[in-house]
Amino acid sequence: MTASLLAPTGEDTTGRAGFTALSLVCENCGARFDPEPSAICLTCLGPLVPVYDPNRSLPSRAEIQTRQKSLWRYHEWLPFDGTPTLSPDSGFTPLVEAPELARRLGVARAWVKNDAVSHPTLSFKDRVVSTAINAAHTFGLDVIACASTGNLANAVAAHAARAGKPAWIFIPHDLEPAKVLNTAIFAPKLVRVRGTYDDVNRLCAQVADNFGWGVVNVNLRAYYGEGSKTMAFEIIEQLGWRAPTAVVAPMAGGALVTKLHRGFRDFAAAGLFDDSLPRLYGAQASGCAPIVRLVERGSGRIEPEIPATIARSLAIGSPADGLTAARGIADTGGWAAAVSDADLVAGIRLLAETTGIFTETAGGVTTAAALHLAKTGRLGPNDEVVLCITGNGLKTLDPLVDALPPSPLIAPKLREVAALVEAA
Ligand SMILES: Cc1ncc(COP(=O)(O)O)c(C=O)c1O
Ligand SMILES: [Zn+2]
């Protein structure tokens, strides 16, 4: 696929937005490509990534700290020349210290990187859509689309609404009702597909080729993934320009873990922190854990799975960035863990009860995986651990309905309260 095929006839593909997307390079064979809505090398089918000028001027810690509190404060590491104009307000979510959770894990310190309160759609997908929609804008691709397990659908629909661009959203037919509603409210064309996420994703590859749309996680994937690096940048800055010893993050397609790895390496290379890279730990639900299983095997390829888990946002059986995520984990001396649906519900409750943060099923997977990694000695008493909590609990209420104890119902009488206090 080439930029000229996708661009409206006769138009230049760069510059019209007042800023441009960076050129691309194949991670496999090193082939270079002009900026274009394409994520796959035409020569070897390897993944494309943006090329950053190694001689560009980089900001100091002090300079970064004077900038607006959004992911664009790190714009030198985001894939544009000039100033992107769309989605200016996402990123810079809180990093919350969690001493009681650290105690339960048996580690020295723990923090929650709280993307459950990401602006505007309460998941880390606001980060990747921020970069993808600006890339689409530079290419003159007015229709934005995605294949999604739910959160990406929310983010694409919201960011497109704000930008005044039409959006086409494709989701598996049986997603959680709140994920569907949180997309539909922004009035995109929302299409439910009879099939798994992997079926939806294959359909979207054809859609990108046929209609010339900007499908954020298909033909814009090279630009989309870069948004996730900002979670690593924020962790370093918010810890006072130092690295934790370990980071635990959920995996679906594997892009987040891949780009956390890239982000930590970018900031280390820029001299913005001096510690070793944190060990990266990936978390999946055992009903869909192809990346965890690759990490456990130690080599080879991803073996696709048919998902069977309530962690719908992580239910990708054939993860596009699974191999690079597994390599990043191995490179840093980390590991991966898969947890049962019952354990992930317990993880949601543990996080809520110890930190006051309500996460969705993906965050339950992350918390339960951290607990498992601690119990099996992968995280130890000297560790300083960041848990990447990537989505909000209000979007996945169903698994909790029967999990929580019923509340007593009383008459408005003091003696009834007294009886409860007595029994408590
Ligand atoms: C809440 C949440 N966390 C984590 C992920 C995993 O992201 P990735 O596909 O980059 O591995 C997703 C993906 O949809 C998600 O919705
Ligand atoms: Zn190549």
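Start by selecting Ala 337, which sits in strand S14, residues 335-339. Keep in mind that you're looking at a predicted model. Is Ala 337 buried or exposed? It counts as buried, because it has 26 C-beta neighbours inside 10 Å, and 20 or more is what it takes. Now show what it touches: leaving out residues up to four places away in sequence, Ala 337 is in contact with Tyr 281, Ala 283, Val 292, Ala 369, His 372 and Leu 373. While you're here, draw a distance from the C-alpha of Ala 337 to that of Ala 368; they are 31 residues apart along the chain, and the gap is 9.0 Å.

Next, click on Val 248. Its contacts, again skipping residues up to four places away, include Tyr 281, Ala 283, Ala 369 and Leu 373, and Ala 337 touches those four as well. Val 248 also reaches Thr 366, Ala 370, Val 385, Leu 387 and Cys 388.

Zoom out to the largest nonpolar core, which has 128 residues. Val 248 is among those with the most contacts inside it, along with Val 156 and Tyr 281. Which helix gives this core its largest share? Colour helix H14, residues 361-375: eight core residues come from there.

Now pick out the open sheet. Its six strands run S6-S7-S15-S12-S13-S14, with mixed pairing. The strand you started on, S14, is an edge, and so is S6 (95-97); each pairs on one side only. From one strand to the next, the twist averages 25 degrees. Over at the S6 end, S6 pairs with S7 (residues 109-114) in the antiparallel sense over three bridges. Select Glu 97 there and you'll find Trp 111 of S7 opposite.

From those two strands, hop to helix H9, residues 229-238. Nine of its 10 residues are buried, Phe 233 and Glu 234 among them. Its cover includes S6 and S7, plus helices H2 (61-65), H4 (125-138) and H10, and strand S15 (384-389).

Last stop: ligand 1. Show its surroundings and you get 18 residues, the closest being Gly 253, Ala 255, Ser 313, Thr 390 and Gly 391. Helices H5 (151-163) and H10 (255-269) each supply at least two residues of this shell. Colour the shell by class and you'll see eight nonpolar, eight polar and two charged residues.

Definitions and conventions
Residues are numbered from 1 along each chain as its sequence is written. Chains are lettered from A and ligands numbered from 1 in the order in which they are written. This is a predicted model: local features need pLDDT of at least 70, side-chain atom pairs count only at pLDDT 80 or more; totals for chains, interfaces and linings use all residues. A nonpolar core is a set of buried Ala, Val, Leu, Ile, Met, Phe, Trp, Tyr and Cys residues joined through C-beta atoms within 7 Å. A residue is buried if 20 or more other C-beta atoms lie within 10 Å of its own, exposed if 12 or fewer, and partly exposed in between; C-beta atoms are placed from the backbone. Helices (H or I, at least four residues) and strands (E, at least two) are DSSP runs, numbered from the N terminus. Two residues are in contact if their C-beta atoms, placed from the backbone, lie within 7 Å. A residue is near a molecule or strand if its C-beta atom, placed from the backbone, lies within 6 Å of it. Ala, Val, Leu, Ile, Met, Phe, Trp, Tyr, Cys and Pro count as nonpolar, Asp, Glu, Lys and Arg as charged, and the others, Gly among them, as polar. Two strands pair if DSSP finds at least two bridges between them. Axes are lines fitted to C-alpha atoms, for helices over the stretch in contact, and angles run from 0 to 180 degrees between N-to-C directions.
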